[in-house]
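Biologist: I am new to this one. Please show it to me, and then I will ask how the descriptions were reached.

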Amino acid sequence: MPAAALHVVATPIGNLGDLSPRAQQVLRDVAAICAEDTRRSGQLLAHFGIGTPLLALHEHNEQQLAQRLVARLLAGESLALVSDAGTPLVSDPGYRLVKAAREAGVRVSPVPGPSALIAALSVAGLPSDRFAFEGFLPAKASARRERLATLAGEPRTLVFYESSHRIEESLADLAAAFGGERPAALARELTKLFETVLDGGLAELHARVVAEPDQRKGEFVLVVQGVGEDADARLAEGRRVHAILARQLPPSAAAKLAAEITGAPRKALYGGGDPV
Ligand code: SAM
């Protein structure tokens, strides 16, 4: 018999048909399932006729429960970890338990499946060979804008999670920080009845969300193209960021920061000379 393991199991992000046969089997076979919200996961399990006991494991009790769960694993019981939707640990609890299990030498095995991040990236039509997942932006406007300023020069495609009550504000801040023309895609309610994927510049997406109340409902993933590897795009971005910073800072300091943020050559920003 293989040693006990902690199975990290992905569950549907909307469509119940996305719970894989292997995920169903593992959830049936383990001694207990650690779930973020036992009521919600209980509904999923009931749909598949799975009677395995559930155990609440969320942000607030994870640290405290981790060692007890590791003790069960070391005693030979296999456990599963699920979150409310998608893949555990991706903007969801589970990190502390997985870390504790690995540190104790317990086998930790994934049952891969849905994640809104990958689902959105796969349909966005934006470069996906390199990307950076940013999770949720800060809720506070000042912190959000600061974060976006540090990301404006990122060459990789960026992926953000967002909720319905902040999508409008976040799109406005993104358009202001990255420029309204920056290509993006807004994936809403993936795998659900009202699934929509809008694409266009950030300003255009913001305008759609403002004009159409339905486009503000549900769950969102926002995929934003990076500034690109090519020197021309980087220089254009550097000049745009420099112009904004130079409203508050001496031109040389603005050029230094704009170069740091965007990767554009500092000398090309300060004094407008040839890039070096
Ligand atoms: N662990 C999950 C995963 O792997 O996708 C993500 C959990 S996070 C707490 C929830 C966020 O994921 C939502 O606010 C939304 O940004 C995104 N999300 C989840 N389901 C989605 C869906 N069906 N369509 C679009 N975005 C979704």
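**The sheet and a helix pair**

Modeller: This is a predicted model. Five strands make up an open sheet with mixed pairing, ordered β6-β7-β10-β8-β9.

Biologist: What makes β6 and β9 edge strands?

Modeller: β6 (131–136) and β9 (196–201) each have a single partner strand, so one side of each has no neighbour in the sheet. From one strand to the next, the twist averages 20 degrees.

Biologist: How do you know that β8 and β9 are paired?

Modeller: Pairing takes at least two bridges. Strand β8 (residues 183–188) is joined to β9 by six bridges, so the two count as paired, and they run antiparallel. Ala184 stands opposite Gly200 in β9.

Biologist: Which strands does α8 lie across?

Modeller: α8 lies across β8, β9 and β10 (219–224), and runs at about 135 degrees to β9.

Biologist: Why is α7 called roughly antiparallel to α8?

Modeller: The axes of helix α7 (residues 167–178) and helix α8 (residues 202–211) cross at roughly 160 degrees and come within 9 Å. The cut-off is over 145 degrees, so α7 is roughly antiparallel to α8. The crossing of α7 past α8 is left-handed.

Biologist: Which residues of α7 and α8 meet?

Modeller: Among them are Ile167, Glu168, Leu171 and Phe178 in α7, and Leu202, His206 and Val210 in α8. By class, this contact has eleven nonpolar residues, one polar and one charged. Glu counts as charged and His as polar, so Glu168 is the charged residue and His206 the polar one.

Note on methods: Residues are numbered from 1 along each chain as its sequence is written. This is a predicted model: local features need pLDDT of at least 70, side-chain atom pairs count only at pLDDT 80 or more; totals for chains, interfaces and linings use all residues. Side-chain values use heavy atoms; hydrogens and water are left out. Axes are lines fitted to C-alpha atoms, for helices over the stretch in contact, and angles run from 0 to 180 degrees between N-to-C directions. Helices (H or I, at least four residues) and strands (E, at least two) are DSSP runs, numbered from the N terminus. Angles under 35 degrees count as roughly parallel, over 145 as roughly antiparallel, 65 to 115 as roughly perpendicular and the rest as oblique. A crossing is left-handed if the near helix is turned anticlockwise from the far one by less than a right angle, and right-handed if clockwise. Contact means heavy atoms within 4.5 Å.
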